[in-house]
Structures are given as C-alpha cells and as structure tokens.
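Me: I would like to learn how to read the packing in a model like this one. Please take it one feature at a time.

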Amino acid sequence: MPPMSLLPVGQTDVDRTLLARLTWRDWRPTLVAAGLSAAGVAILIVAFDSVSAFERPVVLASLTTSILWIAAALVGACGTIAALMLATVSLLDRLETRRLPPRVLVHLRLTVLGALSTIALAVGALLVTTFPVAGGVDVQPPVWQIDAVFFALLALTALMVGTFSVVLTSLYATVTDVLGSLPEAWVEDILEEDTEQEAALHRRARHR
C-alpha cells in the first residue's frame, strides 16, 4: 500500500487525481523537510562517531536523559498540532474553498500523519530508555545490550527529527494556504475596524 493511501481524500480515483495535479512546487515543503532531516542525521553521525565502545555507557546515560525530555516535548507538541489540524477541517466550510489549492489537502494530511508518526517514534524511544544499561557493583548489563540501546536511540532520534520536520514544513504550508483563502469580507472588516480605531486615536489626540 503506497504511503499516500493513508488518510485518503475521497475515493481512490479522487485521491490519485489530487496527487496527479500536484507539481514539484507543491512538494517544496516536503523537500525542505528532507533537507532538514538529512542535516539532523549528519549532525548525529558527526557528534557520536567519535564515541568508543568503552565510553558508550557514560554517553548513553546522558543521551537517555536528553531523549526523555525531547520525546515528551514532541508528544505534547504533535498531539496539539494534530488536534488543531483536525479542527481546521471543521472550519473549511467557512473559508473560500475555491481559492484553496489542491496541495492544502495533501499537506493537511502530511501534517497529521507526521504528527502521529512522531508520537509513535517518541513512545518507542521512551520504551527503549527503560532497558537497564547502567553498570554498578551488582548490575553489569552485557555489552550487546548497551550497543543495541545506544544505536536504537540514535536511530529513533533521527527518525523523530525527520517526521517532525515534515510536521513543521507541512504545517507552515497549510497555514499559509488557509490564511491566503480567508473570506475577503473578513479582511475588509478587519481593515475597516483598524482604520476607524486609528481615526479615533487621532481625534482623541487632537482634543488633548
């Protein structure tokens, strides 16, 4: 099953028609997310490439603490973003949908899928941190277990960076398209109110 068949927009033929109408410009946010993901993976490789097998238990203890904070923050952020995107769907009938480009449906879907994927990866990272890796007088985990947890956390961190990059770039694209399709009456009312407020302030200043 292709990835884009998840959360389909309408029937299968409608979903395929939607994807066929997209151009490379519509995928620019996703390409930016790919670049950010590659940069994040490169930073992780450079940062942890010099860690030897003897230093991994010490580095792993610090990495575990960082993962706990990062995973908790991503779960909260992605949960909020997914809820806001689902709320946006309920507001589409109030927007001028004729001015909305087809890509807004794809980026809306990517935002939700990316948020859910990030939450799943974060929960997986939290589960991996529960494995005993600290050494002591009575506890000495095997080397293979330390290595497995070490590389698993690095892999999950890289994947979380990638999926969260998709969430941020797709969210930006969605918000941009939604704001660009606000009803003209709303914009005119806001501008008129702003003009009236400025005129009232000028009148008050003159009376003083």
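**Reading the helix packing**

Reply: Start with one residue and its partners. This is a predicted model. In it, M160 touches L74, T118, L121, A122 and A125, once residues up to four places away in sequence are set aside.

Me: Which residues have the most contacts inside the largest nonpolar core?

Reply: The general idea comes before the case. In soluble globular proteins, nonpolar side chains tend to be buried together. Here the largest nonpolar core has 30 residues, and those with the most contacts inside it are F48, L60, L63, M85, F150, L153 and M160. At least two residues of this core come from each of α2 (28–48), α3 (56–90), α4 (103–128) and α5 (143–180). The most is given by α5, with eleven residues.

Me: What does the secondary structure of the protein chain come to?

Reply: Count the elements, then read their order. The protein chain has six helices and zero strands, so from the N terminus on its elements run α-α-α-α-α-α. Contacts can be read by sequence separation as well. Of those between residues at least 6 apart in sequence, 86% join residues at least 24 apart.

Me: How much of the protein chain is buried, and how much of its accessible surface belongs to carbon and sulfur atoms?

Reply: Burial is a share of residues, while surface is an area. Buried residues are 34% of the 208 in the protein chain. Its accessible surface is about 13300 Å², with 67% of that belonging to carbon and sulfur atoms.

Me: How is a helix pair read, and at what angle do the axes of α4 and α5 cross?

Reply: Take the distance between axes, then the angle, then the hand. The axes of α4 and α5 come within 8 Å and cross at roughly 155°. Angles over 145 degrees count as roughly antiparallel, and that makes α4 roughly antiparallel to α5. Their crossing is left-handed.

Me: Is the crossing of α2 and α5 left-handed or right-handed?

Reply: The crossing of α2 and α5 is right-handed. Their axes come within 8 Å and cross at roughly 155°, and these two helices are therefore roughly antiparallel to each other. On the α2 side the contact is made by P29, V32, A33, L36, S37, G40, V41, L44 and F48. On the α5 side the residues are F150, L154, T157, A158, V161, G162, S165, V166, T169 and A173.

Me: How far apart are the axes of α3 and α4?

Reply: The axes of α3 and α4 are 8 Å apart, and the helices pack at an angle of about 155°. That makes α3 roughly antiparallel to α4. The crossing of this pair is left-handed. Among the residues that meet are L74, C78, M85 and V89 in α3 and T111, T118, A122 and A125 in α4.

Me: Now single residues. Is S170 buried or exposed?

Reply: Read the relative accessible area against the cut-off: buried means under 20%. S170, in helix α5, has a relative accessible area of 0% and is therefore buried. Leaving aside neighbours within four places in sequence, S170 is in contact with H107, L110 and T111.

Me: What is the relative accessible area of G114, and which residues does G114 touch?

Reply: G114 is found in helix α4. Its relative accessible area is 6%, so G114 is buried. Not counting residues up to four places away in sequence, G114 touches T163 and V167. A C-alpha distance gives another reading: G114 and C78 are 36 residues apart in sequence and 8.3 Å apart in space.

Me: How does L105 count at its relative accessibility?

Reply: The partly exposed class runs between the buried cut-off of 20% and the exposed cut-off of 50%. L105 lies in helix α4 and, at 32% relative accessibility, counts as partly exposed. The C-alpha atoms of L105 and V89 are separated by 9.6 Å, with the two residues 16 apart along the chain.

Conventions: Residues numbered from 1 in each chain as written. Predicted model: local features only at pLDDT ≥ 70, side-chain atom pairs only at ≥ 80, totals over all residues. Heavy atoms only, no water. Helix = DSSP H or I, 4+ residues; strand = E, 2+ residues; numbered from the N terminus. Buried < 20%, exposed > 50% of the residue type's maximum accessible area, 1.4 Å probe, protein only. Contact = heavy atoms within 4.5 Å. Areas by Shrake-Rupley, 256 points an atom, 1.4 Å probe, with all protein chains shown as cover. Core = buried A, V, L, I, M, F, W, Y, C linked by side-chain atoms within 4.5 Å. Axes fitted to C-alpha atoms, helices over the stretch in contact; angles between N-to-C directions. Parallel < 35°, antiparallel > 145°, perpendicular 65-115°, else oblique. Left-handed = near helix turned anticlockwise from the far one by under 90°.
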